[in-house]
Amino acid sequence: MPPEKKKIPSYNDEFDLGLLLHITKKNFIFLVIFVAVAALIAFLYLRYTYPLYETKAIVQLDVQDKTNQLLLGNLKIDDEGADLTARIALMRSPVFLKQALSKLPLDISYYRKGRILNQEQYKTNPYVIEAQVNNSEIYGIPIYIQFISKNKYAISYFLPGDISRDQEFYISETAIFPEVTLKVSMRTTESGEIASYNLLKNTHFFIINNPVDIAEYYAPRLNINIANPKAKTISISYSDRNAEKAADIVNAIIEEFMNYDLDKKAESADKTLKFIDNQLAVSYDNLITAENNLESFRKTYNIDEFQNIQLPTATTRLSDLDNQLIQLNVEENNLLTIEKFITNNNDIDIYKLIAIISGSEFQSSFTNLITSLKDLLTKRELLLYSVTPNSGEIKSIDYQINIQKKILIEHIKALKENIAKRKLEVQQRINEYDTFLDQESERYDKIQYSSLQRIYNINERFYNQLIDTKAKYLIDKAGFVSKNIILQYAKVPKTPISPNRHLIWVGSLIVGLLLGIILIITKYLLYNTITTLHDVAKYTTAPALGVVPRYKDRIPVSQLIVDKNPKSLIAESMRAIRTNMQFINDDPGSKIIAITSTISGEGKTFVSINLAGVLSFSDKKIVVIDLDLRKPKIHVGFGVDNKRGMSTILSGKDNVEDCIRHSNLENLDFITAGPVPPNPYELILGIKMEQALTLLKKRYNFIIIDNPPIGIVTDGMRALQLADYPIYVFKADYSKRFFIESMENLIEGSNITHLSYILNSVEIQNRYYSYKSKKNYGYGYGYGYGYGYGYGYGYGYGYGYGYGYGYYDDEKHKKEKNTFFKRLSKIIPLPRKRKKKRNIKK
């Protein structure tokens, strides 16, 4: 029962390991090319891409200030409420960055010009430029400096508007241009020698950077993040093409941040000390006045300074009441000062306010209010580094500050009312004692003396308190240290973070391999070329006559190979085809063999001539007819003219006998196609075609007709119908799978049921072909010398041949092809294959 014929798909619908290996072998060079191109691209990318270096520092923040708490009691003045985000905003602010970067040599950037990449010479520049900018257009413009000799150089640059400058100067000479004035000096080494750095060989240039834009230029590559919120640590990282510059920028930022903390503390202490000095001056004047009044009273009444004046109990009580009244007046004056200070100042100096409140009776009642106000003012000050005064955040904080000020004012009013009541009570008692003492006028002088002495003591005590407070602040200022700790300084990175050489090399190789694999898979899925007999057999029921091995050398013009080496592999394949033809039709008499193909180039003429040659070796008379009237080739192969032939026979101009020509081989004749006629199809369909074949049958055993490609023209249809052996030729690795449909159309549509096919130009040494050849499709008689390929249906026949067992005398093919896989097998031994080969030898 014949195998069921499959529909020819437009893509591979089943997995075929042999085909996959075959396609991989054929396209392995593309895989190598993809990998090589990917590696080349990776090399060029790494070679001509600026490296990017990154460095990092870690700072720990301490947001509590215990020193001020010890000095001022429970009054907290530090930014305890300021969070890490506010500190990060401070360090990112343009004002802070500009101040930090101003300490680095970033005003002028020095470069050495390369073929493609320019190298920045940060702190390694062999020369130093002092620039005085006269026109802002010079900012950011490359200014080229060419050292002509050790004492002479040339300056050149281009400005917008096609304005160019080019002038030579001596080293000791100042270069003056309309836009800039330059002074060039050579950098010297530690030994005092001039650092050359191949000045005369290389081209250098420098760029004058705009101081206003420096912070904006470096800010995008600065990353400041919270490293650990519980530990209050932040990380500061920066990336740049120059490793040393990246480390310097990070270290400059953290140093400036540490100095900023100290400066803010010093500023707070200076403001407090300034206020204390002002109070000391006023208190000192009051103390001197009280002392002068007391001394004048003593001189007037001739009172000894050390005389113990005993006052009555009423006088003592009156003195205590006077002290209370004076203290209340001081407290009231302080409250008025605080109220006036808060009311008349939109921008409150919190440190001055703390100094005013310090030491007062109501200090503890102001602690929480002042602390809240201090937190808001500190937060506002930090935000101003990154936002404008008109921003929503600032307005929100200003609103909260105003509310806090109103709360303070209301609290002050309540304290003032309380002091007023107490003053009224004390004054009433003082009046009572004064009335009592007025009755004793003889003691008036002692009472007045006691009052003056009491005023002096009060001023002295207040002055001493201010001196003590000032001493504490001076001690605290002398011991100021930053509350922040640098846990890790930025180090100069050794390797760049970008480009990642290892990742790019590995990635390029993977991409190259993936592209190659994708190409192989794509070609495998879209592969529709006939490679083995299996590719034809699974889509047709037509019998296979055999395969013709690929000829390794250049095919001669005659295309006749079998006569030069009758024992060659090609000759034996032709003999196998001749033998298998007997199973199709073994009737006696002359036979017609019509050979065609789908398109030109599949080897039908090659098969026709060499099959004729093999048949002629068996003492059979053979004639080859070139019926490809549109594109004749037989006359070229045998080296004769084409003035007459089948076209002149069919048109009646010549007879058959006159057109028969003899070849160099005995028993092998041929008839050329003749001149190209205008109507080849009509000539072939004419009665003269059959008459010519009848005449030739009487003279020859085999008539081999080389037909035109049936897939292009239908001229050869008549000959196939008249043939005893209609043969269809496919070419391995050339013919497409859908060509099989053309052969099937001949079988089914044209009723050429005994049509068989030959696979030409098969790579016998191909491992894929060997893999497929081990399969047996059908059943029947097997014939051959080596490993066989059996196939049969209906007629019960087969064919086979072997290679490599010493039977064939093909010297040109004794030397095996040194393929890539064979070279690889020499490097990586394959034990199983060697074992199999030894078993075969045994």
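**The open sheet**

Author: In this predicted model, strand β1, which spans residues 53–60, pairs with β13 in the antiparallel sense over three bridges. Strands here are DSSP runs of E with at least two residues, and helices are runs of H or I with at least four, numbered from the N terminus; two strands count as paired if DSSP finds at least two bridges between them. Within this pair, glutamine 60 of the chain stands opposite isoleucine 485, a residue of β13.

The pair belongs to an open sheet of four strands, whose order is β11-β12-β1-β13 and whose pairing is antiparallel. Strands β11 (222–228) and β13 (485–488) stand at the edges with a single partner strand each, so one side of each has no neighbour in the sheet. On average, neighbouring strands of this sheet are turned by 30 degrees against each other, direction ignored. Angles are taken between N-to-C directions, from 0 to 180 degrees, and axes are lines fitted to C-alpha atoms, for helices over the stretch in contact (heavy atoms within 4.5 Å).

A helix also lies on the strands: α4, made of residues 84–92, lies across β11 and β12 (233–240). The direction of α4 is at about 160 degrees to β11.

Residues are numbered from 1 along each chain as its sequence is written. Local features need pLDDT of at least 70 and side-chain atom pairs pLDDT 80 or more, whereas totals for chains, interfaces and linings use all residues, and side-chain values use heavy atoms, without hydrogens and water.
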